[in-house]
Amino acid sequence: MLANDLYQYVFIAVIIVAIPVTWFLWRSFGPVKAIINNQLFEHDKRSFFGQLDIAVRTHLMVLPSLPVGDVLDCSKWGRSGAIANIKKNRRFDFVLYHRRKMQVCCAIILIPYKTDAKTKEFQLLRELCQAADLPLLEYDMKPWRDVPEMRKSIFATLGIADEGPPDFVIKDEPKGDPVCPKCQGSMTLRTLQKGSRAGQQWWVCDNFPGCKGARSALAPD
């Protein structure tokens, strides 16, 4: 009877030890799992990013979500605790980077709806930018804004003359006919005559019906 009880205790002890050990080994040596996060921005920030990029792309690049400590080399003296907290926990929503000079030229923060922009954190951020002679632009969080007016105000703040040829010109490369995604052969643009997609234009492989590669003419390259 005592032997049976002992075996039961040993069995329970083994189970208790085995479970965390198995879990630890699985976490340490198990397969890596990952998925693409397609939503890199919140909806309002995504809208602002697109409008900002359209407004300044001829001269500036838009760099999103950079830590304050990566943009500003803050002094360790004076209010060091508050500055350390800003460097560690705060990010600029966007930073504008000059395409030709390859220099940071402006920082942008978005003020969320019903957020007090006069808090100590925002004030210290303004002081740091002022000490570094870095223009700091502040915008209320909203889904739409006047892009030409945004371009005008940003360029005026940075002293960029919005006349004549830009510092950096973006040119669209000429687009040729696409290649077949299956056999890499040439394709011909055809208008479908039958089926649920009748009337639509599709690129169809020239090797059809031997190869049935096709892509919609509306699909992005």
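So, is Glu 121 buried or exposed, or something in between? Glu 121 is partly exposed, at 36% relative accessible area; that label covers the range between buried, under 20%, and exposed, over 50%, with a 1.4 Å probe and protein chains only.

Quick housekeeping. This is a predicted model, where local features need pLDDT of at least 70 and side-chain atom pairs count only at pLDDT 80 or more, while totals for chains, interfaces and linings use all residues. Residues are numbered from 1 along each chain as its sequence is written, and side-chain values use heavy atoms, with hydrogens and water left out.

Back to Glu 121. Its side chain meets that of Arg 90 in a salt bridge, 3.8 Å from N to O; the rule is a Lys or Arg side-chain nitrogen within 4 Å of an Asp or Glu carboxyl oxygen. Arg 90 sits in the loop between helix H4 (80-89) and E2, and Glu 121 is in helix H5, so the pair ties together parts 31 residues apart in sequence. Arg 90 itself is buried, at 15%.

Helix H5 has another one: Arg 126 meets Glu 138 of strand E4, at 2.6 Å, N to O. Helices here are DSSP runs of H or I with at least four residues, strands are E runs of at least two, and both are numbered from the N terminus.

Now the sheet. Four strands make an open, mixed sheet ordered E1-E2-E3-E4, where pairing takes at least two DSSP bridges between two strands. E1 (60-67) and E4 (136-140) are the edges, each with a single partner, so one side of each has no neighbour in the sheet.
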